[in-house]
Amino acid sequence: MDLTVKYNSARSEKARISVLLSKNWLFVLSISVVVLLVVGFNLIVLEMAIGWALIGLASVPAMIVEWYNGELCHLPISKKNKSIDNILSAEVLGHLPHNPTPKELATIVSQLNGGFFFAVRFGIGLVFLQELASNNSTDMPAVWSEAIRLQSLTNSKNISAVILVVALVNCNPTSQNLISHLQLDLEDLINGIKWFNHLSSLIEEYQKPKLTGGLARDWSFGWTPMLNHFGKNVSQQVNSVSLLNLPAHDQAIERIIGIFSKNGRQNAVLVGPSGVGKTRIVQSFAAKLVNGSSDVPHNLKYRQVFILDAGSLIATAPEKGGLERLIPQILNEAYRAKNIIICLDNAHLFFEEGIGSVDISNIILPVLESGGLRMILAVDEQRYLQICARKPEIANALNQIVVAPASRDETIAIMQDRLVEVECQNSVVYMYQALVEAYRLGDRYIFDLAMPGKALKLMESAAHYGDNGLITAKSVQQTIEKTLDIKVSVATDEDDRKKLLNMEDLIHKRMINQSRAVSVVSNALRRARAGVRSQNRPIGTFLFLGPTGVGKTELAKSLAEVYFGGENKIVRLDMNEYASSQDVARLLADGADNANSLTARVMKQPFCVVLLDEIEKAHPNVLSTLLQLLDEGILRDIKNREVSFRDAIIITTSNAGADTIREYIDRGYDIEQFEDQFVDGLISSNQFRPEFLNRFDEIVMFRPLKKDELIQVVDLMIADVNKTMSLQKISINVSWDAKKYLVEAGYDPRLGARPMRRMVQRAVENTVARQMLSGTVVPGSIIEITLEQVQQMVSSKTDADQIVKNS
Amino acid sequence: MSWWYSNGLLGRIRMMMSRLRSSSDFFSVGLLLSTLFSPFKQISAEGSGGSLADYIRRFFDKLLSRIIGSIVRSFMIVFGLIVMFLQIIFGTIILVSWLIIPFLLIIGIIVAIIGWVPRWT
């Protein structure tokens with residue numbers, strides 16, 4: 001093919017004329033036709049022959065307008081197909097100058113519909129295109145040949161502005177880098193061309209005259225007053241609202257048509273999880289039947305689909321036997337009308353006794369078996385299995401059609417179709433990146449639905465989080481973050497970034513030492529928020545080992561407060577409560593039965609610190625259950641629902657081998673020197689299985705606190721007391737020797753910092769309470785606590801020992 | 001001009017046929033013809049079996065429904081056909097005009113030069 005645009009070819013000339021004839025010009029021409037005709041006829045009436053000339057003159061603008069509408073505005077591609085101008089769309093060809101450069105082409109396509117589409121939907125606008133396009137006309141053949149390739153790849157009828165936008169991007173050697181800034185790849189741009197073509201075809205389809213059967217369509221069919229009352233006529237709804245074709249559902253619709261157009265059991269049961277689009281299939285099927293242009297068999301044409309409303313039926317006939325009388329009347333009416341297809345949406349409601357459901361299988365079964373009345377049932381997989389188990393004869397009478405969840409490409413295509421309605425209803429515009437993000441995050445965070453329901457739900461919710469009506473990937477992230485209270489976006493906010501970079505300092509405000517533990521946890525969070533961690537695992541999984549009172553639990557709490565937004569963002573389980581094998585069920589219990597199970601709590605609060613205390617006391621079966629959690633960030637609850645732990649930090653603590661750690665430290669070893677040996681010891685002593693320990697990102701050993709560190713702990717505790725007292729404008733100052741005394745009295749190498757809390761309570765808080773009650777302290781004063789006062793409160797070593805013992 | 005007498009003319013014919021098809025659909029002409037003798041709105045006595053009298057009663061009941069149905073449908077078919085006939089006449093006028101329009105300017109100028117105008121009195 002000749003890759004040079006022939007500027008003077010007939011098609012090029014026509015394209016330029018079509019561009020010249022803007023809407024304003026066409027309006028002027030149309031008006032001039034009317035004016036010339038009116039004036040001409042009036043002159044003839046007044047017996048002035050010049051009127052004939054004016055009428056004749058009116059034919060010229062009239063022919064131009066007809067020519068434009070008939071040929072120019074949809075200039076077809078030339079059948080010769082020998083040069084590039086023969087297959088360029090008229091709008092592009094009409095704007096092209098002599099010998100254009102890629103930069104000029106970029107300017108032209110940016111101002112056309114296809115260019116606007118890419119600017120809004122993908123963020124590839126005029127500036128972007130001009131930056132990557134060269135100013136050298138010798139580069140044009142490469143652009144044209146890429147455009148031809150894309151046209152063939154996307155089955156486009158001509159080379160339109162959308163194709164040229166993508167061709168311009170592809171021809172730049174650094175295009176992949178450039179578009180990756182927009183979170184796109186080249187495949188996404190090709191999807192963009194297909195999306196634009198699909199929208200264009202929808203518009204063309206919409207503009208075609210519709211054949212609906214006409215005024216007398218239903219004259220041969222009976223009246224259905226009861227059905228109108230107890231059911232919903234889907235066919236009428238799809239008549240008034242244009243229903244879009246969903247390619248992913250075509251196969252199921254074809255199967256329903258196949259079943260209903262042949263002899264045999266005239267029923268179909270759509271089996272698939274919620275959100276997979278079963279009701280939508282029924283609607284699309286109903287739309288196809290009432291569309292006179294569709295290719296459905298004659299015996300199905302203009303048949304109407306009614307969805308029976310279980311709630312309305314039960315409300316009308318709540319008493320025993322009432323429904324048994326009502327349902328046959330309705331089904332009989334449908335049978336006699338001869339054009340009705342009954343749909344039982346959520347069909348399990350008609351096959352089980354319960355609140356809002358009723359078992360009428362004894363009535364429906366004969367209808368299903370006889371095949372006299374066409375029926376469609378829609379039910380989710382689990383319920384279908386239950387129905388089959390309870391009433392196998394019903395399963396035998398049904399033609400099962402499995403509706404599988406949509407794939408990524410199908411889901412995005414379905415979202416693109418639904419956008420037409422959603423954008424119109426909410427006055428917003430969605431970017432392509434928002435759809436991809438809705439698929440990704442929907443798949444990850446929405447558990448009760450299948451695809452495409454998950455993604456559609458998220459996409460529709462995102463309509464309220466747009467920026468000036470534009471829904472971007474960020475809007476979708478915000479939707480998830482605000483509805484589930486989690487963080488999914490990469491940290492770009494200045495405060496967030498500062499917090500992450502200074503995580504260690506922030507944690508150390510309430511933690512003394514244990515720098516390594518603080519550091520590994522902080523690094524895990526930084527990896528997560530920089531978007532470099534694995535998305536298929538928890539943010540971090542850590543095993544904290546060490547004696548009691550050294551800060552293991554405190555670190556988890558600090559993390560919850562500093563990063564996750566409060567100490568309530570901690571899901572804490574004392575694993576000594578899960579010491580028997582039966583406790584696995586309690587760990588995974590359904591939230592409706594046990595709100596405190598691990599799965600229920602994380603389902604409610606996925607963005608949290610999961611703290612599993614004293615893990616060594618859990619039963620081996622419980623530990624085995626946790627393996628998948630540590631490995632893939634997923635646990636299945638008792639009802640087999642997936643619960644994601646991928647936005648949580650998993651911290652397990654253990655005192656196992658605490659004495660050994662203390663012994664090594666007392667002998668002067670650093671933790672790093674005996675770490676490996678220690679972990680080996682835990683395995684060989686059967687305290688932990690190697691596959692369990694291997695699942696952790698880090699095994700961190702906490703060393704016992706020294707006396708000088710305990711003084712810092714006391715400082716933190718006094719700071720806590722001061723924080724409480726600040727409400728009463730009173731502050732406390734404890735002298736150095738008093739603090740030292742507290743540490744000396746409360747120190748126990750076996751218990752670490754734990755007794756210090758009671759010691760401070762006894763010595764400091766009690767002193768302050770007494771002074772306040774005696775009225776010696778007024779708001780604004782500073783209470784000085786001396787060694788003597790502390791000694792008075794903790795009067796003897798025996799007292800101190802008692803406190804330590806109680807700890 | 002070549003477009004006017006080739007694709008332009010074909011387009012006009014296609015448009016006319018499409019409008020005829022829409023009218024036929026709107027008045028359900030095809031459907032009514034194929035169901036001309038069906039019972040109207042399926043109004044007829046129900047049931048099966050029974051005595052000979054019941055059978056005869058049902059038969060005449062259905063027959064009456066079919067006769068009423070065919071009368072109502074025939075009216076609709078005739079009305080639809082009249083509308084379509086008018087459409088064909090109008091469409092033909094448009095097509096003939098289509099053929100003449102390119103010459104209208106010359107014809108107009110010639111008639112204007114001749115100075116002929118219809119006399120009303």
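Two residues count as being in contact here if their C-beta atoms, placed from the backbone, lie within 7 Å. Keep in mind that this is a predicted model.

**View 1. Where chain B meets chain A.** The contact draws on 32 residues from chain B and 35 residues from chain A. The biggest giver is α4(B), with 11 residues. Sort that side of chain B by class and you get 18 nonpolar, 11 polar and three charged residues.

**View 2. The buried face of helix α6 in chain A.** Helix α6 covers residues 113–122 of chain A, and its buried residues are A:G114, A:G115, A:F117, A:F118, A:R121 and A:F122. Look down the axis of α6(A) and these buried residues fall within an arc of 155°, so they line one face of the helix. What do they pack against? Their neighbours in chain A are α5 (102–110), α9 (161–171), α11 (186–207) and α22 (432–445). Just past the end of α6(A) sits A:G123, with a positive phi of about 80°.

**View 3. Strand β14 of chain A, tucked inside.** Six of the six residues of β14 (residues 649–654) are buried, so the strand is largely enclosed by the rest of the structure. A:I649, A:I651 and A:T653 point one way, while A:I650, A:T652 and A:S654 point the other.

**View 4. The partners of β14(A).** Strand β9 (residues 540–545) of chain A runs parallel to β14(A), joined to it by six bridges. Here A:T541 stands opposite A:I650. Strand β11 (residues 609–613) of chain A is also parallel to β14(A), with four bridges between them. In this pairing, A:V609 has A:I649 as its bridge partner.

Conventions:
Residues numbered from 1 in each chain as written. Chains lettered and ligands numbered in written order. Predicted model: local features only at pLDDT ≥ 70, side-chain atom pairs only at ≥ 80, totals over all residues. Helix = DSSP H or I, 4+ residues; strand = E, 2+ residues; numbered from the N terminus. Nonpolar A, V, L, I, M, F, W, Y, C, P; charged D, E, K, R; others polar. Buried ≥ 20, exposed ≤ 12 C-beta atoms within 10 Å, placed from the backbone. Arc of directions from axis to C-beta. Pairing = 2+ DSSP bridges.
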